[in-house]
Amino acid sequence: MSKSQTLVKGAFSPQKKKRSLPWSGTIFWLVIAIWMVPVVWLILMSVRPSVDILSNFEVIPSRFTFDGYRDFILKDMWYKAYLNSLTYSTLNTIFSVTLALPAAYAFSRFSFTGDKHLFFWLLTNRMAPAAVFLLPFYNMYNAVGLFDKTLGVAIAHMLFNVPLAVWILEGFISGIPRQVDETAAIDGYSLPKFFIKIFLPMIRSGIGVTAFFCFMFSWVELLIARTITSTDAKPISAAMTRTVSSAGTDWTLLSTAGVMTIIPGVLAIWFVRKYIAKGFALGRV
Amino acid sequence: MSLIAKNISLTHNGETFLDDVSFTAAPGITVLVGPTLSGKTTLMRVLAGLIKPESGSVTVNGVDVGAISVKDRSVSFVYQQFINYPSLSVFDNIASPLRVQKEKLSKEAIADRVNEVAKMLRITELLDRKPSALSGGQQQRVAIARSLARRSDVVLLDEPLANLDFKLREQLRDELQRIFADANMMVIYSTAEPLEALDMASHTIVMNEGRVEQDGEALDLYARPKNIPVAQAMSDPPLNLISSTLATANSESLGSVLRDKFGGAFTLGIRPHNIALKSQGAQDIALNGKVRIAEITGSSTYVHLDLGDSETIVLEVEGAQRFDIGSAMTVYLDRSAIYGFDPKGGLTLFAPAAVR
């Protein structure tokens, strides 16, 4: 028996548990309530007639209408723009994550010429304002026929989503011991087979978090999406800026569009809620 | 069947990891013993094919495996950390090497094989669980089962029990010995614990600073180490080393004995259990010191004795006893258990005739 085992381990230490504050429950709900005011206000606006919104201030609507939602679903401009946004955000998420996975794996596991510089350079792509890339994108896309295509927007958004995805995924991948890769190699797995069968399931929370970020950044991005589209691939955010007509602004419809725009974000968070805390702990953002 | 490592050397960034390592392993367990950073893991990784040595070759059953890629080799590896595939059930973990290997096995054959090794390692009732739901010992059992299921020519166990608690370690070690005793494979088992090597009582290779220091039966290495590193690697608690000049200054009787019998300067080595509190006979050598610490392990007490000149020896006293720190004490070295080492280079000059 080794002697060190008789030494007393784990001496008394003060409780690690955090102190609980009084009134924290009340304060929590108060904070939530304050935060929710704009959102609730938006939802209430979306069910009030436009005239009421402008004329009188009231917290509880006196008249309800679902015209906004009906128009949103039935009017070409609106639901198409909404679908456009959904399409390019989804495409972008798929492309970005697919491309970033092998890249992040390489950054995590191999050393190659310029790896550190390349990793940093990826990040610098996020440092430039999107406006910097507007002109080249506009010009190039016109030349190659990607202008006003959802695919074009999806590819353009990869400019800042791929670096982000690589950055997040690299953190997750580095959290997996290299011995797992080696064990798989020794067991007889080829790299692609190992990657798909063993590795992807291991980092699925990381992939979930990455996909969430890619989707959200693509979804809320306005400048590039609006510049490289005109009518066919117009995003919802662009549609929302073009609501002024001869009859004035339709506030109800605009609020409805706002509510609808929040929904994908809420859904995305709902789906990754289990992973997101775990995700942030493992990876770094 | 055999595994032959020949003249394997590896340096990286000017640091030597392996220095001309050669040995032959027969079917059964070969124990690699040595302190941390002695190159055991590096050697295992070379044997597995995970790293290419700068020079030297690895031959398994007469075939030089140097050019064969890791995934095509008939080898399995168990890490000190419990490495399993967390997304797969225990059953699938054990079955995974069988599913990807070249010669395809039927579903039934795979299930049979998995159940067989699961039974051997007593994890049958855990087969449906995920590795994360298991204790450390169970996780390591799964990893070992996976390495067994494949029936590869070479099984590499890199300190497989180091992260387990003492009781589990002993139990699993006994089981491993039983399992690998009649397995027809070369099992290389590395450990930093001399007692594990002695317990395995098989072919043992002592490594130190990337070299093979000595190669032989565990008990032979314990009784007749070639040099100080081997003696240290095979002794737990560590061998006491005392310079003969200090011994002479400390104890006139020892000085005269040493001069008469062995002549010249050397480093004296003696194991803690060969030092007693009471003289066992006129042949014993007395040493004087002050008690520095006394560690009680239950069945015995280890007393650290300050000899002066910042040299310390440790002696093992039976039973739990109290010793006052700082008190003077005379202890008696069993002369027939003394080792002598060359102070330059550490080669063994003389060893006791019989192990005690």
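Domain bounds, as used in this report, come from an automatic or database domain assignment. For chain A, that assignment gives domain 1 (25–65) and domain 2 (76–282).

## Basis of the model

This is a predicted model, in which local features need a pLDDT of at least 70, side-chain atom pairs count only at pLDDT 80 or more, and totals for chains, interfaces and linings use all residues. Residues are numbered from 1 along each chain as its sequence is written, while chains are lettered from A and ligands numbered from 1 in the order in which they are written.

The model scores ipTM 0.83 and pTM 0.81. The pLDDT is the predictor's confidence in each residue, from 0 to 100. Chain B averages a pLDDT of 89, and 96% of its residues score at least 70. Where pLDDT is low, the predicted coordinates should not be read in detail.

## The two domains of chain A

The C-alpha centres of domain 1 and domain 2 of chain A lie 32 Å apart. The contact between them takes 10 residues from domain 1 of chain A and seven residues from domain 2 of chain A; two residues are in contact if their C-beta atoms, placed from the backbone, lie within 7 Å.

On the domain 1 side, α1 (24–46) and α2 (50–55) of chain A each supply at least two residues. Helices (H or I, at least four residues) and strands (E, at least two) are DSSP runs, numbered from the N terminus. The largest share of this side, four residues, comes from α1(A). The side divides into six nonpolar, three polar and one charged residue. In this classification, Ala, Val, Leu, Ile, Met, Phe, Trp, Tyr, Cys and Pro count as nonpolar, Asp, Glu, Lys and Arg as charged, and the others, Gly among them, as polar.

## Where chain A meets chain B

Between the chains, 20 residues of chain A are in contact with 24 residues of chain B. On the chain A side, α8 (178–187) and α9 (191–202) each supply at least two residues. The helix that gives the most is α8(A), with seven residues.

Which residues of α8(A) are buried? They are Asp181(A), Thr183(A), Ala184(A), Ala185(A), Ile186(A) and Asp187(A). A residue is buried if 20 or more other C-beta atoms lie within 10 Å of its own, exposed if 12 or fewer, and partly exposed in between, with C-beta atoms placed from the backbone. The cover over these buried residues draws on both chains: it includes α4 (76–109) and α9 of chain A, together with α1 (40–48), β6 (75–78) and α2 (90–100) of chain B. After α8(A) comes Gly188(A), whose phi is positive, near 110°.

## Chain B as a whole

Chain B has 10 helices and 19 strands. Its C-alpha atoms fill a box of roughly 75 × 45 × 35 Å, taken along the principal axes. Of the 356 residues in chain B, 42% are buried. Among contacts in chain B between residues at least 6 apart in sequence, 66% join residues at least 24 apart.

The domain assignment divides chain B into domain 1 (3–233) and domain 2 (240–350). Their C-alpha centres lie 38 Å apart, and six residues of domain 1 of chain B are in contact with six residues of domain 2 of chain B. The domain 1 side of this contact has four nonpolar residues, one polar and one charged.

Strands of a sheet pair through backbone hydrogen bonds, either parallel or antiparallel. Here, two strands pair if DSSP finds at least two bridges between them. One open sheet of four strands has the order β2-β1-β4-β5 (chain B), with antiparallel pairing. Its edge strands, β2 (15–25) and β5 (63–64) of chain B, each pair on one side only. Five bridges join β1 (residues 3–12) to β4 (residues 55–60) of chain B, and Ala5(B) stands opposite Val58(B) in β4(B).

Another open sheet of four strands has the order β11-β12-β18-β19 (chain B), again with antiparallel pairing. Because β11 (240–243) and β19 (348–350) of chain B stand at the edges with a single partner strand each, one side of each is left without a neighbour in the sheet. Two bridges join β18 (residues 339–341) of chain B to β19(B), where Phe350(B) is the bridge partner of Gly340(B).
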